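Colleague: Could you walk me through the charged side-chain pairs here?

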Amino acid sequence: MNLPFEIRLEKRTEDVPRWMPALTALGGVIVAFLISAIILKITGGDPLRVGKFFWQATFGSWPTFSDTIVKATPLILVGLACSVAFKMKLWNIGAEGQFYIGAFFASLVVLVPIVPMDSPRWVILGSMIVMGIIGGALWGFIPGYLKAKFNVNEIITTLMLNYVAILWNNFWIFDKWSDAGFQMTPMFDKKAWLPRLADYARQYRAFSGITLHMGVVIGFAAAILVWSIFQRSRWGYEIKLIGDNPDAARYAGLNITRNIVLVMMFSGALAGLAGMSEISGVVHRLQERISPGYGFTGIIVAWLAKLNPFAVIFVSILFGALIVAGREIQPSGLAQLIQGIILFMVISSDVLLRYRIRLIRRKALTA
Amino acid sequence: MTRAAFVPPWFTCSQRKIFMGETPFAVEMQDIVVRFPGVLANDHVNFAVKKGEIHALLGENGAGKSTLMNVLSGLYQPTEGTIKIYGQPVRFNSPKDAIAKGIGMVHQHFMLVPTLTVTENILMGLDKPRLYMNMGRLNQEIRELQEQYGLRVDPEAMIWQLSVGEQQRVEILKTLYRGANILILDEPTAVLAPQEIDELMETMRSLVAEGKSIIFISHKLQEVRTVADRITVLRKGKVTAEGIDIGGLSRRQLAQLMVGRDVVFNVEKSECQPGDVVLQVENLQATNNKGLPALRGVSFTVRSGEILGIAGVSGNGQSELAECITGLRPATGSVRIHGKEMINASPGKIIAANVSHIPEDRTRVGSAPNLSITDNTIMKCYHEDPIGNGITINRSHARAYARRLKDAYDILAPSVHTLARKLSGGNLQKMILAREISSNPELIVAVQPTRGLDVGAIEAIQRLLLEQRQTGAAIVLISEELEELMALSDRIAVIYEGRIMGMVDPKTTDVYTIGQMMTGSRLEDIQTSTEPQNESAV
Ligand SMILES: Nc1ncnc2c1ncn2[C@@H]1O[C@H](COP(=O)(O)OP(=O)(O)OP(=O)(O)O)[C@@H](O)[C@H]1O
Ligand SMILES: [Mg+2]
């Protein structure tokens, strides 16, 4: 090509303004949607109609927006789980398994039952939350301990434990707790359901049919907690220091092995909480495929959010919308296509943070 | 008069012509401006290097030397200014462009792959050979190149087997193989032993004899005086002396040009008043990273108010010694601090026993590059009042603390929020020193504390160490700078292959005796031998 000018990338020597990362990420998302529209056009679709439909199915009305948030809720929690581990450069890709074990442990409260079913609702829900946390933490502890003690690669162990967790769940729902031969446990008692807005439809008419449940509050609370740990706490400082330079951390007297175990447990606990919120807020029973891969999407969410807890919320909502739209739009692969393109575009938009682009007229070039 | 230069086979005709061309200048940089947030690192800098000269670039820590060289090697693009190479205006977008114009830079931190051989490292990133690597022929090519410049190192050795000095030779060979005619050496001697420094200077001389040009950054003024033809001095981003001849300039005058004031080279030291034994090391044994014995039974004691110098050629167990005392490396034997057995205690416990450690490697061990100055300075006290309070960190106290250190130790940076990796080499060292000294330690293990510091800063740091001694700290000073050891230490232990060759008093011992011990003679043997030995018998 013989353009009259040349495009050059120059390494930035100055800091980018604080708003710039958010802006380039947003730009990346917009460009991703434009590219998706072009692909749609080429394949014979009508991008405008699809776009309008997409909007209506995700953000267009209160009930659909609530659907989007409901899908975003587990993503927020697993996204946070991954962010915490990644901050210390622990590659926990086992959020999926921790999610399942969290769900399993939370179910125990109802299925064993651990607390009598005639206890007050808050006791039941409270113990489910605690059990979800314990289950996830346990599933994070195993790879954390192996890594800390024997330096076993956590990528492999967390990945393998995903399968163990899913099969473990299956064993119980196929065999022990099967509801009339179906691969699911009987429906939980209503007391074990996280409150939904729809439950208050009698008092507030507007809430009828709105599935939004308390899990989102747990998600927000977790985001605030993770943020304050990173920003304000001693532990967060240790995580950052170990993540940036483990040798320096050791030199400074930090206990690295203990932190590996603790961070993996914390990460697992958040993912386990996601499992709890999903079965108690949405599914209301333990069954097969309670997660369509939330644990893996959480990795992408954490990455796109650059491990920032509040950015995790926004990215989760966007991905929640894509999941909802994926259900509504045909072919259903479209939403996944868009997901992939977004990932590409947002990650490539990082170039703009590290380089500035300069146009140089050809004739000015002498070298 | 000049020998035929090594011209890589893939050089084009025009490249050859440029090299042979007419202007007397190899490099002309005019009005270069580079701005970092909060700093004008290069403020309209003019810098010119002639063909066939060694040009020293001097300046205080953070003066902008590395930045200017990064511009010349294509890493940064200046906001203003022009560059001419052999009279031709150029614009570099990346280091690749600069290499194509014959510019090669040896960074202070080497960029080699430890598990590959020398030849493989040299070929890395080149398009040649395209398909088949005829290792035999390539090794031969590299051997010829070595022959020519006296840069001996086995082409088939793996990088991890080489000493720092040899690794540096590989870096230089790498640039030469790429056809560099203009070499930039950023503080090359900071990591070398005296002997290696002499060899490097020999190489530098043979390179310029062929018409190549060398830009040499160093804080060691003696070296600069022996090897450089001309100097350019930067201060706070501005040129204060442009291309003046070195002839006749004394070390004192050079120092004055650099820091803009008189520098005292001989710090005054009070009489040593040793107190209680603080550190007692007995029969310490440890292995190095390769699993080979590094310490073979080292014993000594250090008292409060005393500086024990450890002299030795690098790689004789000094780094391991420091690591064993500070809990970073497993060992056998005994390390008692204030009488308490601390061998193999965790680093945290040893820090809690009020031991400071100025580590050898400031980037890999001493600091966290992507954290701020604040986060780096609180590294060892984040859990103590008032910074660590309960489970939280009091950010405003932390910032105030960092600001205090930044001012007291004259760390040059726009603010305490600046990331550690953005500090200049010397300022990073100052940050570490500030952190380690300000905790009022009872024992300081200092490894090369003044490495990479400018003359002014060295003076300040030496003062600080002596002050700590005055207030009763026990100090183990590990250094390869004999001059520094002689000036600061109350006693000097010489280490060779993991053993202490003897303990001497610097006031009554000459450098020559210490030099002999550094190469493996025991003090007893030297004292009994009557015949003075030849120095070159090493
Ligand atoms: N990437 C960067 N971002 C921001 N500031 C930087 C960066 N690199 C260097 N600086 C700043 O620019 C100034 C000049 O730094 P430079 O590394 O060129 O100093 P120097 O002369 O090489 O010092 P030294 O002798 O200590 O190595 C310093 O104040 C430094 O903090
Ligand atoms: Mg420098």
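Modeller: In helix H5 (residues 135–149) of chain B, B:Glu141 and B:Arg137 are 4 residues apart, about one helical turn; helices here are DSSP runs of H or I of at least four residues, numbered from the N terminus. This is a predicted model, where local features need pLDDT of at least 70 and side-chain atom pairs count only at pLDDT 80 or more, while totals for chains, interfaces and linings use all residues. Residues are numbered from 1 along each chain as its sequence is written, chains are lettered from A and ligands numbered from 1 in the order in which they are written, and side-chain values use heavy atoms, leaving out hydrogens and water.

Colleague: What do B:Glu141 and B:Arg137 form?

Modeller: They form a salt bridge, with the closest N and O atoms 3.6 Å apart; the term means a side-chain nitrogen of Lys or Arg within 4 Å of a carboxyl oxygen of Asp or Glu.

Colleague: Which residues are joined into one network?

Modeller: Salt bridges with shared partners join A:Lys240, B:Asp375 and B:Arg395.

Colleague: Switching to chain A, what does A:Arg285 meet in a salt bridge?

Modeller: Its partner is A:Asp179, at 3.8 Å from N to O. A:Arg285 lies in the loop between helix H10 (256–283) and helix H11 (294–304), and A:Asp179 in the loop between helix H6 (154–176) and helix H7 (215–232), so the pair ties together parts 106 residues apart in sequence.

Colleague: Is A:Arg285 buried or exposed?

Modeller: A:Arg285 is buried, at 16% relative accessible area, whereas A:Asp179 is partly exposed at 25%; buried means under 20%, exposed over 50% and partly exposed in between, using a 1.4 Å probe and protein chains only.

Terms used:
Helix = DSSP H or I, 4+ residues; strand = E, 2+ residues; numbered from the N terminus.
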